[in-house]
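This report describes the packing of one protein chain. The sequence and structure are shown below.

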Amino acid sequence: MGADVDLVVPVKTLERAKSRLVGARLDRPALALAFALDTISAALPAVRHVLAITDDPAVIAELRTLGVESAPGPEGLNESLRFGFGLLRSRDPDSVVGALQADLPALRTRELVAALATAHGRSFCPDRQGTGTTLLLSAPGGDLDPSFGPDSAAAHTASGATPLLGPWPSLRHDVDTAEDLRRAADLGLGRHTSATVTPVGR
């Protein structure tokens, strides 16, 4: 499926990102940028196109070096996703459009490829706790209908999306807290995050 998938990746303004990621040695804006770069770098080989929705100049500049398109969008995660979905859907009415969270610093391309290969119709990948969502996919030519936020896994299931539950821990491991970051480090962080984070012990 990956050859026909376009992804929307929303990236918050760095100063507002990762407010729960606190620690004396943690630089939140730098880590948020590193998370996004590692997530998108891993996603690029797996899909046809990635569109980042952001208006942060630092993010836009770094993504440009990766050859990634960005566009400013409205406030709010779901609003940004619907905006990006509309841009991508207008280019190819029959494609699969996905929403990928930008905080997957351990993401492995092969795991995203495997998840895309198992998807049939509108589907989503829950986070490791089973309550959130890291990836949401439309059916070919269908609506994305994002419901990110608290208990988004339940919301996406209730709206008819099929859960994707394969063995891909790096796709399910988003990072919001210092403990999440430690667990992601166990999986293996991407190069941008590895270069940014001060090692944190258990």
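Helices here are DSSP runs of H or I with at least four residues, numbered from the N terminus. The model discussed is a predicted one.

## Helix 7 and its end

Helix 7 spans residues 178–187, and Asp180, Leu181 and Ala184 are buried in it. Viewed down the axis of helix 7, the buried residues fall within an arc of 100 degrees, so they line one face of the helix. The cover over these buried residues includes helix 1 and helix 8 (191–196). Just after helix 7, Gly188 adopts a positive phi of about 110 degrees.

## Nonpolar cores

The largest nonpolar core has 34 residues. The members that touch the most others are Leu7, Leu100, Leu112, Leu116, Leu135, Leu137 and Leu171. Elements giving two or more residues to this core include strand 1 (5–10), helix 1 (28–43), strand 4 (96–100) and helix 4 (109–118). Helix 1 contributes the most to this core, with 7 residues.

Leaving aside residues up to four places away in sequence, Leu135 touches Leu7, Ala99, Leu100, Leu112, Leu116, Ser123, Phe124, Cys125 and Leu171. A second, separate core has 15 residues, among them Leu51, Ile53, Val97 and Phe124.

## Packing of helix 1 and helix 2

The axes of helix 1 and helix 2 come within 11 Å and cross at roughly 30 degrees. Angles under 35 degrees count as roughly parallel, and helix 1 is therefore roughly parallel to helix 2. Their crossing is right-handed. Leu33, Leu37 and Ile40 of helix 1 make the contact with Val59, Glu62 and Leu63 of helix 2.

How values were computed:
Residues numbered from 1 in each chain as written. Predicted model: local features only at pLDDT ≥ 70, side-chain atom pairs only at ≥ 80, totals over all residues. Heavy atoms only, no water. Core = buried A, V, L, I, M, F, W, Y, C linked by side-chain atoms within 4.5 Å. Buried < 20%, exposed > 50% of the residue type's maximum accessible area, 1.4 Å probe, protein only. Contact = heavy atoms within 4.5 Å. Arc of directions from axis to C-beta. Axes fitted to C-alpha atoms, helices over the stretch in contact; angles between N-to-C directions. Parallel < 35°, antiparallel > 145°, perpendicular 65-115°, else oblique. Left-handed = near helix turned anticlockwise from the far one by under 90°.
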